[in-house]
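I wanted to look up a few things here and jot down what came back.

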Amino acid sequence: MNWLARMEIDAGIAGQEKIFDSYAWHRKLWECFPNRPDDNRDFLIRVDSLEGIFRLWVLSLQRPVCPGWCPNSSFELKEISPLFLSHQYYA
């Protein structure tokens, strides 16, 4: 995995987008990878439900883009060194 994206989504936006469970989040986050409708989903997600917002983490091989329903100010992206994820154990 080469890219880590972090998004903070207001609960109101999640409701408008009809995102009510982890499967819906996974489906919506596929929009971070346009022009790949038939590809395998090669990314991992984590959704943390906080007070009034959802914090999303997306770990992926391909560079994700900010989806239209996510404010640009709530989208952060970092490239991960290949060495970082090559260890057998982490503490």
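Before the strand pairs, a definition for myself: two strands count as paired if DSSP finds at least two bridges between them. I also note that this is a predicted model.

Strand β1 first. I looked up how β1 pairs with β3 and got eight bridges, with the two strands running antiparallel. Within that pairing, R6 has W57 of β3 as its bridge partner. I then checked β1 against β4 and found five bridges, again antiparallel. There, W3 sits opposite E79 of β4.

Next, the faces of β1, residues 3-10. W3, A5, M7 and I9 make up the covered face, while L4, R6, E8 and D10 lie on the uncovered one.

Then S74. I located S74 in the loop between β3 (53-60) and β4 (75-79). Is S74 buried or exposed? S74 is buried, at a relative accessible area of 19%. Setting aside neighbours within four places in sequence, I found S74 in contact with R6, M7 and E8.

Last, the cysteines. How many disulfides does a search of the whole structure find? I got zero. The cut-off is 2.5 Å between cysteine sulfur atoms, so I looked at the distances. For C32, the closest cysteine sulfur is in C66, 7.3 Å away and too far for a bond. For C66, the closest is in C70 at 3.9 Å, also too far.

How values were computed:
Residues numbered from 1 in each chain as written. Predicted model: local features only at pLDDT ≥ 70, side-chain atom pairs only at ≥ 80, totals over all residues. Heavy atoms only, no water. Helix = DSSP H or I, 4+ residues; strand = E, 2+ residues; numbered from the N terminus. Buried < 20%, exposed > 50% of the residue type's maximum accessible area, 1.4 Å probe, protein only. Contact = heavy atoms within 4.5 Å.
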